[in-house]
Amino acid sequence: MTTSTSSATVFTDEVLARAAELAQDAYQPVWTGPSGEEATGELVACHLEATIALLDKDGWIRNHHFFAPRTVSTQPPAIETMSTQAMVREVLLAVREENSTSQRTLSVALDHVMWGEEGDTDTREGAFTVLNLVIRAHTGHDQARAMAWAERLHRTHADVTALLAAGARFARTYGPGAAVGPTRVV
């Protein structure tokens with residue numbers, strides 16, 4: 001699966017039906033979040049779609065390279081010769097450089113949506129669970145996780161947004177409050 005076309009086509013209705021079977025046998029509740037309240041399939045789908053919009057706007061990155069060597073354009077003077085103001089400026093420039101990318105990993109994007117108007121802790125938890133179910137159904141491996149799947153070296157932005165779109169379809173079809181669907185998963 002190295003192209004976006006292949007990922008978009010693997011998240012078929014059959015994969016989603018297998019994910020629904022996994023949800024029925026889930027040890028933990030699929031739709032009840034940390035608040036103890038149930039999130040509807042529609043709310044979880046909206047969270048996933050808002051995540052797609054965020055990744056489309058800001059960009060997706062497979063993972064962050066926190067320990068990668070920094071590229072410094074100028075060598076700062078020795079600390080002994082710097083004023084406090086100059087030291088603070090250097091620290092702020094380093095922090096700004098470190099956070100200069102607006103690209104987000106899948107996990108960070110899901111969290112970001114949780115902090116906005118399109119989601120909350122319960123919809124984020126539901127979104128994580130739904131994505132894990134879809135990836136487990138897709139791979140056939142009972143320990144597969146969506147975040148690890150999204151971090152694979154060959155993964156693309158299109159692959160990740162195809163997963164998010166499949167998760168939204170799953171939530172609307174099988175989640176609480178679904179208007180239609182083969183079975184209702186609670």
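How many residues does helix α8 have, and how far does helix α8 reach from its first C-alpha to its last? Helix α8 (residues 157-174) has 18 residues and reaches 26 Å between those two atoms, close to the 26 Å expected at 1.5 Å a residue, where the expected span is 1.5 Å times one less than the number of residues.

## Basis of the model

This is a predicted model, in which local features need pLDDT of at least 70 and side-chain atom pairs count only at pLDDT 80 or more, whereas totals for chains, interfaces and linings use all residues. Residues are numbered from 1 along each chain as its sequence is written, and side-chain values use heavy atoms, with hydrogens and water left out.

## Overall architecture

The secondary structure of the protein chain comes to 8 helices and 0 strands, and from the N terminus on the elements run α-α-α-α-α-α-α-α. Helices (H or I, at least four residues) and strands (E, at least two) are DSSP runs, numbered from the N terminus.

Of the 186 residues in the protein chain, 39% are buried; here buried means under 20% relative accessible area, exposed means over 50%, and partly exposed lies in between (1.4 Å probe, protein chains only). The accessible surface of the chain comes to about 10700 Å², with 55% of it belonging to carbon and sulfur atoms, and these areas come from the Shrake-Rupley method with a 1.4 Å probe, only the protein chains shown counting as cover for residues. Among contacts (heavy atoms within 4.5 Å) between residues at least 6 apart in sequence, 76% join residues at least 24 apart.

Helix α2 (residues 13-24) has 12 residues and reaches 17 Å from its first C-alpha to its last, close to the 16 Å expected at 1.5 Å a residue. The buried residues of α2 are Val15, Leu16, Ala19, Ala20 and Ala23. Seen down the axis of α2, these buried residues fall within an arc of 145 degrees, so they line one face of the helix; the arc is that of the directions from the helix axis to the C-beta atoms. An α-helix has 3.6 residues a turn, so residues three or four places apart point the same way.

The segment after α8 holds glycine 177, which is exposed, with a relative accessible area of 66%. The C-alpha atoms of glycine 177 and glycine 41 are separated by 6.4 Å, although the two residues are 136 residues apart along the chain.

## Salt bridges

The structure holds 7 salt bridges, each being a side-chain nitrogen of Lys or Arg within 4 Å of a carboxyl oxygen of Asp or Glu. One of them joins the side chains of glutamate 42 and arginine 172 (2.8 Å, N to O). This pair links distant parts of the chain, with glutamate 42 in helix α3 (residues 41-58) and arginine 172 in helix α8, 130 residues apart. Glutamate 42 is partly exposed at a relative accessible area of 40%, and arginine 172 is likewise partly exposed at 31% relative accessibility.

Another salt bridge pairs arginine 124 with aspartate 111, the closest N and O atoms being 2.3 Å apart. Arginine 124 lies in helix α6 and aspartate 111 in helix α5 (residues 106-114), so the pair ties together parts that are 13 residues apart in sequence. Arginine 124 counts as buried at 19% relative accessibility, and aspartate 111 counts as buried at 17%. Elsewhere, salt bridges that share partners join Glu42, Glu49 and Arg172 into one network.

## Two buried aspartates

Aspartate 58 is found in helix α3 and is buried, with a relative accessible area of 14%. Aspartate 58 forms a salt bridge with lysine 57, the closest N and O atoms being 3.0 Å apart, and lysine 57 counts as exposed at 63% relative accessibility. Leaving aside its neighbours within four places in sequence, aspartate 58 is in contact with Ser102, Gln103 and Arg104. Aspartate 58 and arginine 104 are 46 residues apart in sequence and 7.2 Å apart in space, C-alpha to C-alpha.

Aspartate 122, found in helix α6 (residues 121-139), is buried yet has no salt bridge, and the nearest side chain of opposite charge, arginine 124, is 8.5 Å away. For charge, Lys and Arg count as positive and Asp and Glu as negative, while His and the chain ends are not counted. Leaving aside its neighbours within four places in sequence, aspartate 122 is in contact with Gly33, Pro34, Ser35, Glu37 and Ala39.
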